Amino acid sequence: MYSLLDEELGYTQGMNHFVEVILRGASVDEEATFAIFEKMMRGEHNWRRFYTEGLVGLESCIRCVMEWINTEIPNLKYHFNKAGIPLGALLAQPILTLFA
């Protein structure tokens, strides 16, 4: 249904996962679930960008998580740096999984 509203984006694999979480987690009917999903996609946080070409949302999300790690658990960053593991690259796959 959302794909009809947003013809430019259409349907992208992974959208159904978010709809399911809203439907089950919020314990609301399908109409309210659609309204919540539409607000997530087009609202202030613009989750639509996670599904657009160029992965703009992914880059932004990784940057936010990295800032949080740097502030809240800097030892984790230190551990990965010491081991030569790029934490940003490591974060990409789990985040992509949410939107694929």
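Biologist: Of the 100 residues of the protein chain, what percentage count as buried?

Modeller: This is a predicted model in which local features need pLDDT of at least 70 and side-chain atom pairs count only at pLDDT 80 or more, while totals for chains, interfaces and linings use all residues. Residues are numbered from 1 along each chain as its sequence is written, and side-chain values use heavy atoms, without hydrogens and water. Buried means under 20% relative accessible area, exposed over 50%, and partly exposed in between, with a 1.4 Å probe and protein chains only. Among the 100 residues of the protein chain, the buried share is 28%.

Biologist: How many helices and strands are in the protein chain?

Modeller: Helices (H or I, at least four residues) and strands (E, at least two) are DSSP runs, numbered from the N terminus. Along the sequence, the pattern reads α-α-α-α-α-α. The count for the protein chain is therefore six helices and zero strands.

Biologist: What is the relative accessible area of Cys64?

Modeller: The closest cysteine sulfur to that of Cys64 is in Cys61, too far for a bond. Cys64 is partly exposed, and its relative accessible area is 49%.

Methods
Disulfide = S-S within 2.5 Å.
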